[in-house]
Amino acid sequence: MDFATNFQLLVSGLAMGSIYALVALGFVLINNAAGVVNFAQGEFVMLPAFFAAVLLTEFNFGFIPAYILTLVGIGIVGYIFERVAYYPLRNRTFLPVIISTIGVSMFLKNGAQLVFGTEPINPPRPVPSAPIMIGDVAIDPQFVLILGVTIVCLIFQYIFFEKTTLGRKLQATAQDKQMSRLLGIRISVMIAITFIYSSILGGVAGILVGPIFYVTKDMGGLLGLKGFCAAIVGGFGSVPGAILGGFLLGIIEQYAAYYISSAYRDGFAFIILILVLLFWPMGFFGEKVSEKA
Amino acid sequence: MATTTATVTQKKTNVSSLTWIGLAVALIILLILPQLIKSVYWIQLLNLSMIFGICCLGLNFVLGYAGQMSLGQAAFWGIGAYTSALLTTKYLPMIGIPTSVGPWIGLVAAIIVCAIFGAILGYPTLKLAGHYLAMATIGFGFIIQLFLINAQSVTGGSDGIPAIPSFNLFGYVFKKEHQAYYLILAITVLLCFVAYRIIESRTGRAFKSIKENEMAAEALGVNTTGYKILAFCLAGAYAGIAGSLFAHTGSHYISPDTFSFDQSVLLLAMMVLGGSGSIIGPLIGALLLTLLPEWLRFLRDAYMAVNAVAIILIMIFMPTGIAGLFKLLWRKYVRRPEPIDAGVKVEISHEARVRFLSALEAKVSAAGDADRVILPWCSDQYLKQIIAQCLVSPIIPHNLHIGTTPKIVPDHLTIT
């Protein structure tokens, strides 16, 4: 119960929470724009983690070019995904779309295994691996990097959505498609941009989380599901909710794994999720459209 | 609650003699099949596909008929398998019950335990729908699998349970694959019949009404809460039977990694491929997706990826699955059905109308200052008439404006 342990748990919780928040944002943005839950979101973390790892280890790229190339690559994959798995099904109910995105998830997972092999890859870190010591507290520099990059991303997103014309068009599309269409916004383009943007958010998460975990084809599944949990805990459909939910889930998970049981680490997110759904289905910033109830 | 509020004159569904002949031929083929196939491996695959088929039949109650999302069916399957296996290998011998009757007790226990878990999982459906429910069921599946792996003292952990005894009927042991085949076939046929009877009963109609339009169903006096839980119980019970069969046949060994989220997804894919909302459909889907990996074996590692592409293509081009496609062709070329609303007259009582409208009002006020409320518009002719009658009533909330936007949301009614 000492201070150092608790502080370290807090930092690692915030770092994992950042990853969940980025994934959760991807879910929420796509849901708001297209009314679809993308069950392949986790694969949009796994795939860029592989891209970055392979570019860094096999092709000896520098960190910056490798990361930029990865983000561009995952953006393109996101666009193809939108055309193949969402667009043909856009006027149907949620079930075909859910299954289709799950199909994409299976495809990407097994495709990644075919292309990148079954051996887990441990990509090099862009920051030194020796922990930063502040008194007794040892902090992994990668955690600090994750937190920093996530905060920069969130600030960028705020400016992008609130201050640019494109961002406002995206928001308008999410709020009212019919009205936006009447105002001359091309809805299908906006939805495609949202998919690309969400994929890039996943890409950032994948690049950041790669050096912490080993990069395997299965790393995305749980991250995606936990990101989705975070989005629901925060109140599905709400952008601040997704961020807050992500951080909260990350912190609770670290503490619960340390103090309660590390074997059930992956279960806590779902226990919290089910409790929230049962007793507080609106989450922090719940959606108002009563489709959920 | 169940006052007769609508009287619908409907022709009694009669299965044509052609269907009976088809089913009889199919059954005969299934009976002589093991005599033709000597390969133990292929019979094992057939057994497995029937077990998956039973799981899908269960899932069908929840998803195909009651219209509730579930991605946790493999967890029920696992609970069933573990209940049955643990009882027969560990707990029943302790109290002196021999392994010859153990599996049967295990089977019954699996049904009961899974039905109880079904009710536990069904409870959240009172509040949740759509992807929220999908997520809750995924969470349920993960927690169950984590428990199976980590609760070493109870479940044996990730090593699994080996040497599970076979079913034994008055001294006849269903040990070999060919013997187990007939047992599994008999149970599958029985369960199909049970499913058919349920679907054609009051319960089945209640399920369908929940899927079509929950609010209208409630207004008609359907206890939607109870029926949703019942659907999950049935799904659980079917998966429990499948789990018990899985544990006591085949390799006689179970381990937690079989009952994963991926397996739930696969079961869902089987059901959708075969055609949800039909009885034979899910069985065909289960058979195809169990055999598909064998046919795609030449692709080696790529087969899962090809499998996934197939699922996406099916969703895009064949939304009603194989059964739906068959039904479509049947109606087009063999027998055209009479128009559905010919001679159907729906009468609705005043109290039902009031109940429907208050439910509608509650939904609108629950939406608060949201821009709009979306009512799932029902496709069923009778329900459409009922709703139409409700909405022309003078007690409709005056600030409710109803309009349809057919081009943008074809099957939704938008209330602005």
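Residues are numbered from 1 along each chain as its sequence is written, and chains are lettered from A and ligands numbered from 1 in the order in which they are written. In this predicted model, local features need pLDDT of at least 70 and side-chain atom pairs count only at pLDDT 80 or more, while totals for chains, interfaces and linings use all residues.

Confidence comes first. The average pLDDT (the predictor's confidence in each residue, from 0 to 100) of chain A is 85, and 97% of the residues score at least 70. In residues 288–293 of chain A the pLDDT is below 50, although this stretch has 20 contacts in the model beyond near neighbours in sequence; two residues are in contact if their C-beta atoms, placed from the backbone, lie within 7 Å. Where pLDDT is low, the predicted coordinates should not be read in detail.

Eleven helices and two strands make up the elements of chain A, where helices (H or I, at least four residues) and strands (E, at least two) are DSSP runs, numbered from the N terminus. Their order from the N terminus on is α-α-α-α-β-β-α-α-α-α-α-α-α. The C-alpha atoms of chain A fill a box of roughly 60 × 50 × 35 Å along the principal axes. Of the 293 residues, 51% count as buried, that is, 20 or more other C-beta atoms, placed from the backbone, lie within 10 Å of their own.

Helix α5 of chain A (residues 141–163) has buried residues Gln142(A), Phe143(A), Ile146(A), Thr150(A) and Cys153(A), which pack against α1, β2 (137–139) and α8 (187–209) of chain A. Gly250(A) lies in helix α10 (residues 239–259) of chain A and counts as buried because it has 24 C-beta neighbours inside 10 Å. Gly250(A) and Leu14(A) are 236 residues apart in sequence, yet 6.1 Å apart in space, C-alpha to C-alpha. Among the residues that Gly250(A) touches, not counting those up to four places away in sequence, are Gly13(A), Gly17(A) and Tyr20(A).

Key: The expected span of a helix is 1.5 Å times one less than its number of residues. A residue is buried if 20 or more other C-beta atoms lie within 10 Å of its own, exposed if 12 or fewer, and partly exposed in between; C-beta atoms are placed from the backbone.
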